[in-house]
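Open the model in your viewer and keep the sequence panel beside it. The tour below says what to select at each stop and what is found there.

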Protein chains: 2
Amino acid sequence: MTLDTNEMCAKTTISASESFKQNCMWLNGEEVPFEENARLMRCLEGVQRLALANGDIKFPQSWKLHIASCNNFPTAAGLASSAAGYACLVYTLARLYELPITEELTTIARQGSGSACRSLHGGFVHWRKGELEDGTDSIAVPVVPWTHWPNMHMLILVVNDARKKTGSTKGMQLAVETSTLIQQRAKQVVPQRIKELTQAIHQRDFKAFAEITMRESNQLHAIALDTYPPCVYMNDVSHAISNFVHDFNEAAGELLAAYTFDAGPNACLYVLAEHVPRLLAAVQLAFPNDCEQSVEYLKGIPVPQLAQHLNGVGDAALAHVNPKNLLKYIIHTKVGKGPYQLSDDQSLLIDGLPLPK
Amino acid sequence: MTLDTNEMCAKTTISASESFKQNCMWLNGEEVPFEENARLMRCLEGVQRLALANGDIKFPQSWKLHIASCNNFPTAAGLASSAAGYACLVYTLARLYELPITEELTTIARQGSGSACRSLHGGFVHWRKGELEDGTDSIAVPVVPWTHWPNMHMLILVVNDARKKTGSTKGMQLAVETSTLIQQRAKQVVPQRIKELTQAIHQRDFKAFAEITMRESNQLHAIALDTYPPCVYMNDVSHAISNFVHDFNEAAGELLAAYTFDAGPNACLYVLAEHVPRLLAAVQLAFPNDCEQSVEYLKGIPVPQLAQHLNGVGDAALAHVNPKNLLKYIIHTKVGKGPYQLSDDQSLLIDGLPLPK
């Protein structure tokens, strides 16, 4: 699910000019290496090749580029900022070379950061694994646009973690090499679940969506644990959140929320818009925090009816109350429309000058 | 691996008498229900049936029993005290009815507590899953006696844990019903690993033994996580211990230690006797504790050369130092010879009186 750019986004401006002496890139205002960045170069060369193949080049390939990019992501939160960044980069390169968003373009974004291929589309997107050795058929295809299920919201619970990290790319490579369960997952479980999950999305069946999502998240981390040496991304707080969601759903008598964990301890909770106040109030009760009144603690879409839920009896009595301050902050966001072009006055580069604003 | 009774054991005395009015049982000095305890009754009736089938009954079946049992296990540590208790009970019943330790007897112990069947033997024991619907061929068979690998030692790291517990029996039933990976594990992985592990034990190949053991432990917990809702037995401290063991082995340049985790957060570290001082010194450095000089903290077999290892450079520099007091205490033990009969003066019942000592 591509998230709404209102809450979390990357922005990129790219200029090409005969007058630029060299390729330059600025990330959040700091100059960063360009030609030495293999991922960046793969994306740039991929888009240029595509433009050449289309035979309609707007400017000479020899012109150098200035790229300025920034994101409004909370720093170091493990919230897939590189996926957003590379999707935004490839989308912007495609605008520069006047290329449409094609399946081939998603394979180029994938070479910057795997999951970046999905973020070229809005709504719900399926990253197909493909069958070919060279990976050219490993593409991202839209399932439904964001308008199909506009009330699909998400609470991101950012937790503290001080443990040694395993990168997700290294972890997955190691899993493929050493897990004796991953073949069963890849051959049997995933194809079946993709079918069921796609159907649940088409039918806006939250209950089915929620159960498949939670089982999938758990199995991803089970495979990581079956890797040798084991990769552990979730921590005790993550598991406390998972327990909380199961308790919350049990108290509600139906599946109103679903968790998913990526290659880190933070939880993404899927919840329909109408249940956000109830879920958030329960989160606040189960995970008390000294900062819970602060705007820095509750980021993103405001939740107006929260106070009455907090004051009600609700799910409070049923939830296990965890120690204070296990969460760093919470972001409330929703399904989004994917990347789009901003007006020129929002450019990150100063007109005619090789410097970012 | 059956542990040495010198460090951790259960003791049971059983008397049968025409004069006893009713069946009674005392556990650690407290009277506990007898006829209402289904597990106890299954074991008693199983042994009586076996004695009848043998046709050599030493006293009328109508005589009532007095059973006194105690164990020296640290309380509530999740250290399989019920497996030890039921193995000891069935062993003692077998002595009372003068029955040998047969495969059939292990199926009776299994009905008290699953893993109790293994503890009727010493050394290394294989609990066969069996093929029959009625479970009568799910028996425990000795692999090698303790004398085959007498220098196989174990450090049990008991960790603190305040989280909600899932019982191991309930957890395993749920895994069978809901995990989509458990069939792959049961059909492919476990049979192959049992073969390899048995061979490693026969050849006293610690390296192979260690790797299979760690992979097995990880996969057991992976399956628990793939259960729906997920079962989580390891906590952050457990994973810190697992990381420590991998770091320790890497620093040593060979596999000198192996972890295994049961249905709880405590770690059992396999290590050969000659490497205990080095491993224990590294544990002390990686998991500093305010009580580390106390005899209550370091239980079991004394480790005389520990001081020189602690003072040396050793593996200290290579190990990640965790926060203080993550461990409750450490038990140093080793492979044991299994249950045996004590002398009469060690009886837990007062001669001729229906009361425990």
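Two rings of Phe, Tyr or Trp, taking the six-membered ring of Trp, count as a pair if their centres lie within 6.5 Å. By this rule there are 20 aromatic pairs over all chains of this predicted model.

**Stop 1: aromatic rings**

Select Tyr259(B) and Phe261(B) for one ring pair. Their ring centres are 5.7 Å apart and the planes meet at 50°, so the pair is tilted. Are these two residues buried or exposed? Both Tyr259(B) and Phe261(B) are buried.

Now go to chain A and select Phe124(A), Trp149(A), Phe206(A), Phe209(A) and Tyr270(A). Ring pairs link these residues into a cluster.

Lys299(A) lies over the face of Tyr329(A), with 4.4 Å to the ring centre. Select Lys337(A) as well: its charged end sits over the ring of Tyr340(A), at 4.3 Å from the centre.

**Stop 2: the five-stranded sheet of chain A**

Colour the strands S8, S9, S7, S11 and S10 of chain A. In that order they form an open sheet of five strands with mixed pairing. Which strands are at the edges? They are S8 (257–261) and S10 (298–300) of chain A, each of which pairs on one side only. On average, neighbouring strands of this sheet are turned by 25° against each other, direction ignored.

Zoom in on S7 (residues 152–159) and S11 (residues 327–334) of chain A. These two strands run antiparallel and are joined by seven bridges. To see one partner pair, select His153(A) and look across to Lys334(A) in S11(A).

H7 lies across S7, S8, S9 (267–272) and S11 of chain A, and runs at about 160° to S8(A).

**Stop 3: the four-stranded sheet of chain A**

Select S1, S4, S2 and S3 of chain A. This is an open sheet of four strands in the order S1-S4-S2-S3, again with mixed pairing. Its edge strands are S1 (10–17) and S3 (30–32) of chain A, each pairing on one side only. From one strand to the next, the twist averages 20°.

Show helix H2 (residues 81–96) of chain A with the sheet. H2 packs on the sheet and touches S1 and S4 (64–71) of chain A, its direction making about 35° with that of S1(A).

Then pick out S2 (residues 24–27) of chain A, which runs antiparallel to S3(A) and is joined to S3(A) by three bridges. Within this pairing, Met25(A) stands opposite Val32(A).

**Stop 4: strands of chain B**

Move to chain B and select S2 (residues 24–27) with S4 (residues 64–71). The two strands run parallel, with four bridges between them. Met25(B) has Ile67(B) in S4(B) as its bridge partner.

S2(B) and S3(B) pair over three bridges in the antiparallel sense, and Trp26(B) stands opposite Glu31(B) in S3(B). Two residues lie between the strands of this hairpin, where Asn28(B) takes a positive phi near 50°.

**Stop 5: a buried aspartate**

Select Asp4(B), in the segment before strand S1 (10–17) of chain B. Why does Asp4(B) count as buried? Buried means under 20% relative accessible area, and Asp4(B) has a relative accessible area of 9%. Neighbours within four places in sequence aside, Asp4(B) is in contact with Thr333(B), Lys334(B), Val335(B) and Gly336(B).

**Stop 6: helices of both chains**

Select helix H4 (residues 168–178) of chain B. Its buried residues are Gly171(B), Ala175(B) and Thr178(B). Seen down the axis of H4(B), they fall within an arc of 90°, so they line one face of the helix. These residues pack against helix H6 (206–225) of chain A, as well as helices H5 (182–202) and H6 (206–225) of chain B. The face of H4(B) turned away from the buried side carries the exposed residues Thr169(B), Lys170(B), Val176(B) and Glu177(B).

Finish on Arg215(B), in helix H6 of chain B. Arg215(B) is buried, with a relative accessible area of 18%. Leaving out neighbours within four places in sequence, Arg215(B) is in contact with Thr178(A), Asp226(A), Tyr228(A) and Arg193(B).

How values were computed:
Residues are numbered from 1 along each chain as its sequence is written. Chains are lettered from A and ligands numbered from 1 in the order in which they are written. This is a predicted model: local features need pLDDT of at least 70, side-chain atom pairs count only at pLDDT 80 or more; totals for chains, interfaces and linings use all residues. Side-chain values use heavy atoms; hydrogens and water are left out. Two strands pair if DSSP finds at least two bridges between them. Axes are lines fitted to C-alpha atoms, for helices over the stretch in contact, and angles run from 0 to 180 degrees between N-to-C directions. Contact means heavy atoms within 4.5 Å. Buried means under 20% relative accessible area, exposed over 50%, partly exposed in between (1.4 Å probe, protein chains only). The arc is that of the directions from the helix axis to the C-beta atoms. Rings of Phe, Tyr and Trp (its six-membered ring) pair if their centres lie within 6.5 Å; planes under 30 degrees apart count as stacked, over 60 as edge-to-face and the rest as tilted. A charge sits over a ring if NZ of Lys or CZ of Arg is within 6 Å of the ring centre and within 35 degrees of the ring normal.
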